[in-house]
Amino acid sequence: MLEIRDLCCGYHGDAVVSNLSFSAQNGEIVCILGANGVGKTTLYRTILNILPALGGQVLIGGQDAKSMPREALAKRIAYVPQSHKTVHPYSVLDVITMGRTAHLALFRTPGRADEIKACQAMDALRIRHLAEKPFSEISGGERQLCYIARALTQDADILVMDEPTANLDLGRQAMILRRIHDLSRIGKTVLYSTHAPGDAFQCGHTVVALLGGSRYRSGRPKEVLTEALLREMYGVDVDIHTVATRHGSKEVCLPHAG
């Protein structure tokens with residue numbers, strides 16, 4: 001579904017990320033890890049064809065993304081930004097229905113069929129009760145779910161999420177991760193970035209750890225994420241522990257306090 005092949009991305013000819021390669025199939029979750037400034041957002045902007053690649057390719061269904069018309073690309077890949085406050089007086093339903101823009105002719109407005117798509121997305125994420133609320137008045141976690149619903153309404157095969165659990169409380173973080181799992185089960189390919197390595201253990205099929213420039217590691221989380229790699233990535237000693245849970249076990253990453 002998505003293949004990143006020897007991709008180089010950056011600004012004004014200066015590469016931030018170089019020679020990066022990984023792939024994701026339908027229903028797979030790829031977790032992107034890296035310290036601040038290592039190029040996660042630059043990578044996303046390049047995958048979305050907002051920023052031209054300095055080299056290599058982004059292939060979607062075998063087709064080079066840079067050769068795809070913007071309308072066609074929007075039907076294949078959707079972006080979920082970080083939650084942020086807004087003063088726009090739109091209702092939640094209005095914001096989510098905006099995801100249908102990629103499927104509308106110029107100067108067309110969404111119709112009943114588009115609203116039905118939006119309602120189906122809200123049902124999938126269990127936020128139908130928010131439909132008529134002002135988008136500016138709901139919580140950060142609810143806004144994040146709305147952005148995901150908008151991406152679902154876009155009917156894209158691939159969802160690119162920029163730190164979807166950032167600045168959310170523990171309950172909202174867990175809810176977002178559950179919904180990401182749900183999306184993979186219905187065949188969506190999900191790329192999401194996070195500063196929480198434990199999230200990659202919890203729901204990533206593949207992890208891509210960016211270390212700067214052309215240095216990266218990719219593969220299964222348990223194979224890639226070692227204490228040595230996390231120390232190199234974040235500049236702090238980290239212990240990885242396997243703990244028992246009600247549903248089995250999970251890995252947690254604990255930085256040294258001292």
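**View 1. Tyrosine 192 and the residues it touches.** Leaving out residues up to four places away in sequence, Tyr192 touches Ile29, Val30, Cys31, Ile32, Tyr44, Met161, Pro164, Leu177, Ile180, Asp199, Ala200 and Cys203. Contact here means heavy atoms within 4.5 Å. Keep in mind that this is a predicted model: local features need pLDDT of at least 70, side-chain atom pairs count only at pLDDT 80 or more, and totals for chains, interfaces and linings use all residues. Residues are numbered from 1 along each chain as its sequence is written, and side-chain values use heavy atoms, with hydrogens and water left out.

**View 2. Strand β3 under cover.** β3 spans residues 29-33, and five of its five residues are buried (under 20% relative accessible area, with exposed being over 50% and partly exposed in between; 1.4 Å probe, protein chains only). Ile29, Cys31 and Leu33 sit on one side, Val30 and Ile32 on the other. Strands are DSSP runs (E, at least two residues) and helices are too (H or I, at least four), numbered from the N terminus.

**View 3. The strands paired with β3.** Two strands pair if DSSP finds at least two bridges between them. β3 runs parallel to β8 (residues 189-193), joined by four bridges, and Cys31 stands opposite Tyr192 there. Four bridges also link β3 to β9 (residues 206-212), again parallel, with Val30 opposite Thr206.

**View 4. The largest nonpolar core.** Such a core is a set of buried Ala, Val, Leu, Ile, Met, Phe, Trp, Tyr and Cys residues joined through side-chain atoms within 4.5 Å. Helix α5 (residues 140-153) gives the most, with seven residues. A second, separate core of 26 residues includes Leu2, Ile60, Leu191 and Val208.
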